[in-house]
Amino acid sequence: MSVLRAAFGPSQSLSDPQSFLLRAMSGGRSIGGVNVSEYTALNVSAVYAAVGIIADTIGQLPLHLYRRTDKGRVAVKRNEHPVAAMLQDQANPYMTPFTLRQTSQSHALLWGNGYMEIQKDGRGRTVGLWPLIPENTWPSWNDRAQLVYRTNIDKQPAELDHRNVAHVRALGHDGYVGHSQISLHRQSIGLAMAAERYGAKFYENEAMSGGFLYHPGKLDAKASENLRKSFSKQGGLDNAHRIKILEEGMKFERTTIPPDDAQFLGTREFQLAEIARIYRVPLILMQSHEGGTTWGTGIEQILIGFVVWTLQAWVVQWEQELNRKLFTKEELAQGYFVRFALNALLRGDMTSRANFYKAMREISTLSANEIRELEDLNTNPELGGYTRPANWVPVNAPAGSVSGGTPTGVNPA
């Protein structure tokens, strides 16, 4: 229980609205007066956009199985290993690899922890991955001082060996469980929810702030209640622009601060930037054009910064977790490993790629076939191997030497 509590922070009395148990059950109440949980936070468009773009990108990135050999790494085909089929065809009988990674990554972005049970066959080889519900799963220590994961499967408590659970976590303080981003930033997200609710109420009241009804005389309790109900029924956009009648010399006087004075729109824009900062997502990727970015001025530089400073950390964690848990000791000894293909996100525009490939081929770093592979094209055996410009000579060749033969005074060996 102590590990689970760490995800929500220190606990208090049950009478405290911020107590650990209430926060675990309903998310807890923010100072702005709204309940914020991992579920309700998705109602904020900025949270939905930030979580969605990271989870969708992790889900769609190609994830390949390779094997290290004396000649370098070799891609393993679907029919050659069950992990390759699992990564490229179906994570389990009911989910595609995209759905599994998208779901688990969203869990890690909301609850701070994404858990997946690793299904193995009788030979100990991985054949499937199943997402676990994050609020019902947590790492713990059993009576034998072994790390296990406790969860509920089909409404029944279950204990899973840590080697059979892939765990992707956000920033944490103990290395076993990540902090819930929603719990840590409840006030910021709560302010965004409160501002949205305030705007909805503002339009519900025909874009009018609250105020008082002044009556020159005195009304009894029943008349006052009837007047209040009658006036409140006149609100809402359906009744906008209709004539309101104030009887017996009554008048309405607005007393609350108008939205423009309360910086309503500015607050909403600031909270959008706050949520983008929490998840390290550029504003332009959240369909906002407010302000600028320190990652560069062009969209290409912004995307590269997003890949390097946001996605890379998650990608490395996914790779390390899967590589140490998907394979048996024998398979690890044989050189099996998985790796995401980030090249598609870092390739840039056509002109930049062409210049890069040209430079790499001229210094014999890439061959024509390797360039074709990077561009998702089939290799061609007629293209040969590495090449170099015909007018290049060794740096120690004497002046006047030409390429194509052995320079004067240079040992052919």
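Which residues have the most contacts inside the largest nonpolar core? In this predicted model, they are V47, L65, Y279 and W314, in a core of 55 residues. A nonpolar core here is a set of buried Ala, Val, Leu, Ile, Met, Phe, Trp, Tyr and Cys residues joined through side-chain atoms within 4.5 Å, and buried means under 20% relative accessible area with a 1.4 Å probe, protein chains only. A second, separate core has 6 residues, among them L132, L160, V165 and V177.

As for the ground rules, the model is predicted, so local features need pLDDT of at least 70 and side-chain atom pairs count only at pLDDT 80 or more, while totals for chains, interfaces and linings use all residues. Residues are numbered from 1 along each chain as its sequence is written, and side-chain values use heavy atoms, with hydrogens and water left out.

Strand β1 (residues 63-69) runs antiparallel to β11 (residues 336-340), with 5 bridges between them, and R67 sits opposite Y336 in β11. On to β2 (residues 72-75): β1 pairs with it antiparallel through 4 bridges, T69 facing G72, and a hairpin of 2 residues links β1 to β2. Strands are DSSP E runs of at least two residues, and helices are H or I runs of at least four, numbered from the N terminus; two strands pair if DSSP finds at least two bridges between them.

Another group of strands forms an open sheet of 3, ordered β4-β3-β8 with antiparallel pairing. Because β4 (126-132) and β8 (165-169) are at the edges with a single partner strand each, one side of each is left without a neighbour in the sheet. Strand β3 (residues 113-120) pairs with β8 over 5 bridges, and Y115 has H167 as its bridge partner in β8. Helix α5 (residues 97-110) packs on this sheet, touching β3, β4 and β8. Helix α10 (residues 299-325) also lies across β3, β4 and β8.

Then there is the largest pocket, holding about 1100 Å³ of space. It is lined by 30 residues, and the closest to its centre are H64, Y66, R73, A341 and E373. Helix α10 gives the largest share of that lining, 4 residues. A pocket is an open set of points on a 1 Å grid over the protein atoms alone, where a 1.4 Å probe fits, with protein on both sides within 12 Å along at least five of seven lines; lining residues have an atom within 4 Å of a point.

Key. Buried < 20%, exposed > 50% of the residue type's maximum accessible area, 1.4 Å probe, protein only. Contact = heavy atoms within 4.5 Å. Axes fitted to C-alpha atoms, helices over the stretch in contact; angles between N-to-C directions. Points joined across faces, edges and corners; volume = space filled by probe spheres on them.
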